[in-house]
Amino acid sequence: MPTTLITGANRGIGLALVREFQSNGHTVVATARDLSKAADLKATGAQLHALDVSDPASIKALAAALGGRPIDYLINNAGLGDRADMPSLDYDRFQELLRVNTIAPIRVLDALTPNLAAGEAKVAAFLSSQLGSIENTNMGFGLAYRVSKAGLNMGLRTAAHTLAAKGITLLALHPGWVKTDMGGEAAPVLPADSAAGLYKVITGSGASKELRFFDWEGRTLPW
Ligand SMILES: NC(=O)c1ccc[n+]([C@@H]2O[C@H](COP(=O)([O-])OP(=O)(O)OC[C@H]3O[C@@H](n4cnc5c(N)ncnc54)[C@H](OP(=O)(O)O)[C@@H]3O)[C@@H](O)[C@H]2O)c1
């Protein structure tokens, strides 16, 4: 039975991913920054760990708690949204987006590389966004968010070369425009449908070890 670790799993796409991977027979290790506010997640029966991805000590504590436990699929889902553009940018918020969306997933990957290397599948997937595609950027909103996801994508393109030597595959993923607190009420895709698509993309990625940027339906996106 494969083991899958999912961050930011208490609501939204993360919670839907927990349910989807469990329904496909995975043992799920789920993290949330405040487990006292994670009733829906607790109800899934997933193994729980507290993790604030923006706190290096919290990441270190998770790695220590896992010890050498093999992780087959690592899903870096935790993230912050933001629609602001110039001249309304809040630069403290900009730094927070970079901490949570860009630096944190790379720090989690770095800390859990030994666990991934010990797993069978050796796949680390990252919830990026089509808004992080430089080529597809043709309108002005979400400047800090776009920068944070484009930065994540570049981090993955760089890390992929180093991690390939350990047999680890990285995937940058766009989950669709999903009806969550971040995506809002108007979003056309339900979290469960996004999670079902992402499950297929993540677990079906084994044949090629190359880093790719996919959407939830398996379409390749331009960087
Ligand atoms: N929804 C969309 O349409 C869409 C589109 C493209 C990409 N994405 C990406 O998909 C991922 C999930 O989005 P979502 O729509 O499910 O968002 P969401 O409903 O706002 O949920 C975000 C999750 O991330 C967690 N999180 C935020 N900061 C964290 C931190 N410092 N440490 C640990 N967890 C933290 C939140 O935990 P708390 O409950 O503690 O705040 C929550 O569990 C994000 O990376 C997002 O950028 C979403």
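In this predicted model, β5, helix α5 (residues 143-164) and β6 make up a β-α-β unit of right-handed sense. The two strands of that unit, β5 and β6 (residues 169-174), run parallel and pair over five bridges. Within this pairing, F126 has A172 in β6 as its bridge partner.

**Strand β5 and its other neighbour**

β5 also pairs with strand β4 (residues 73-76), again in the parallel sense, here over four bridges. The chain gets from β4 to β5 by way of helix α4 (residues 91-118), and this β-α-β crossover is right-handed.

The pairings of β5 can be set side by side:

| Partner of β5 | Sense and bridges |
|---|---|
| β4 (residues 73-76) | parallel, four bridges |
| β6 (residues 169-174) | parallel, five bridges |

How many residues of β5 are buried? Strand β5 spans residues 123-127, and five of its five residues are buried, leaving the strand mostly covered. Side chains in a regular strand alternate between the two faces of the sheet. In β5, V123, A125 and L127 point one way, while A124 and F126 point the other way. Residues on both sides are buried: V123, A125 and L127 as well as A124 and F126.

**Two backbone details in the loops**

K122 lies in the loop between α4 and β5. Its phi is near 60°, which is a positive value in a residue other than glycine. Is K122 buried or exposed? K122 counts as buried because it has 22 C-beta neighbours inside 10 Å, and the cut-off for a buried residue is 20 or more.

The other detail belongs to the loop between β4 and α4, where P87 is found. The peptide bond that joins M86 and P87 is cis, with omega about 5°.

**Surroundings of the ligand**

Which residues come nearest to the ligand? There are 29 residues around the ligand, and those that come nearest are G8, G12, G79, T180 and G183. Helix α1 (residues 12-23) supplies three residues of this shell, the largest share. Sorted by class, the shell holds 12 nonpolar residues, 12 polar residues and five charged residues.

Definitions and conventions: Residues are numbered from 1 along each chain as its sequence is written. This is a predicted model: local features need pLDDT of at least 70, side-chain atom pairs count only at pLDDT 80 or more; totals for chains, interfaces and linings use all residues. A residue is near a molecule or strand if its C-beta atom, placed from the backbone, lies within 6 Å of it. Ala, Val, Leu, Ile, Met, Phe, Trp, Tyr, Cys and Pro count as nonpolar, Asp, Glu, Lys and Arg as charged, and the others, Gly among them, as polar. A residue is buried if 20 or more other C-beta atoms lie within 10 Å of its own, exposed if 12 or fewer, and partly exposed in between; C-beta atoms are placed from the backbone. Two strands pair if DSSP finds at least two bridges between them. A crossover is right-handed if, with the strands pointing away from the viewer, the path from the first strand over the helix to the second runs clockwise.
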